[in-house]
Amino acid sequence: MTQADRFRKLAALTKGSHNNDPPSYHAAFYLLSHDPEVCAAACRYISVDGISFTGLQRAIRDFDDRTRQVVDIAYNLFSWNSPCKVTPFDISRLGYPYMELVCNACYIAAGEFRVVIEPDKAEITLDNSHYKENKRIYHQFEQMGRTVAANMAQD
């Protein structure tokens with residue numbers, strides 16, 4: 001089973017299309033679907049009511065530190081205000097592929113990346129077009145600010 005299959009499975013447990021779930025669900029599903037064992041544990045704690053991270057965290061207490069940290073981050077991205085013990089320093093030490101997964105999940109939760117799973121493909125891709133558009137607009141404003149500053153300096 002691929003990560004895309006596991007993502008679909010987790011999304012199906014909410015009894016809705018994963019396209020209708022908010023980005024916080026997508027971020028959590030993205031992180032929880034990476035590891036088959038975490039996904040299997042998560043399946044027991046996902047329902048139409050959401051994700052019971054308290055139960056999931058108890059279920060994975062014997063997993064390695066990195067895995068528990070990734071689940072803690074998924075919890076925080078999902079609920080927005082759950083206490084998260086993982087610090088930026090901890091994230092910087094997660095290494096590949098966990099650090100990349102966490103960074104992508106942050107973009108997903110913010111609505112900058114969108115999880116895309118093509119029906120005939122078994123892989124997850126991330127659509128970053130919203131992020132690229134925001135970046136383009138930011139650079140335009142930055143350029144306008146430099147132009148205004150240069151014109152004011154000439155006066």
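A residue counts as buried under 20% relative accessible area, as exposed over 50%, and as partly exposed in between. The legends below describe close-up views of a predicted model.

**View 1. H34 lies in the loop between α2 and α3.** With a relative accessible area of 25%, H34 is partly exposed, because this value falls between the two cut-offs. Residues up to four places away in sequence aside, the contacts of H34 are Q3, R6, P97, Y98 and L101. H34 and M1 stand 33 residues apart along the chain, and their C-alpha atoms are separated by 11 Å.

**View 2. The largest nonpolar core comprises 37 residues.** Within this core, the residues with the most contacts are L10, F29, Y30, L31, L32, F53 and L56. Two or more core residues come from each of α1 (3-12), α2 (23-32), α3 (36-43), α4 (53-59), α5 (65-79) and α7 (98-109). Helix α2 supplies the largest share, seven residues.

**View 3. L56 is one of the residues with the most contacts inside the largest nonpolar core.** When neighbours within four places in sequence are left aside, L56 is in contact with L32, V38, A41, A42, Y45 and V71.

**View 4. Helices α2 and α5 pack against each other at an angle of about 170°.** Their axes are 8 Å apart. Because angles over 145 degrees count as roughly antiparallel, α2 is roughly antiparallel to α5. On the α2 side, the contact is made by S24, Y25, A27, A28, L31 and L32. The α5 side contributes V70, V71, I73, A74, L77 and F78. By residue class, the contact of α2 with α5 holds 11 nonpolar residues, one polar residue and no charged residue. Two of the α2 residues in this contact, L31 and L32, are also among the residues with the most contacts inside the largest nonpolar core.

**View 5. The model contains zero disulfides.** C39 takes part in no disulfide, and the nearest cysteine sulfur, that of C43, is 4.4 Å away. C39 is buried, with a relative accessible area of 3%.

**View 6. The sulfur of C103 is too far from the closest cysteine sulfur for a bond.**

Methods: Residues are numbered from 1 along each chain as its sequence is written. This is a predicted model: local features need pLDDT of at least 70, side-chain atom pairs count only at pLDDT 80 or more; totals for chains, interfaces and linings use all residues. Side-chain values use heavy atoms; hydrogens and water are left out. A nonpolar core is a set of buried Ala, Val, Leu, Ile, Met, Phe, Trp, Tyr and Cys residues joined through side-chain atoms within 4.5 Å. Buried means under 20% relative accessible area, exposed over 50%, partly exposed in between (1.4 Å probe, protein chains only). Helices (H or I, at least four residues) and strands (E, at least two) are DSSP runs, numbered from the N terminus. Contact means heavy atoms within 4.5 Å. Axes are lines fitted to C-alpha atoms, for helices over the stretch in contact, and angles run from 0 to 180 degrees between N-to-C directions. Angles under 35 degrees count as roughly parallel, over 145 as roughly antiparallel, 65 to 115 as roughly perpendicular and the rest as oblique. Ala, Val, Leu, Ile, Met, Phe, Trp, Tyr, Cys and Pro count as nonpolar, Asp, Glu, Lys and Arg as charged, and the others, Gly among them, as polar. A disulfide is a pair of cysteine sulfur atoms within 2.5 Å.
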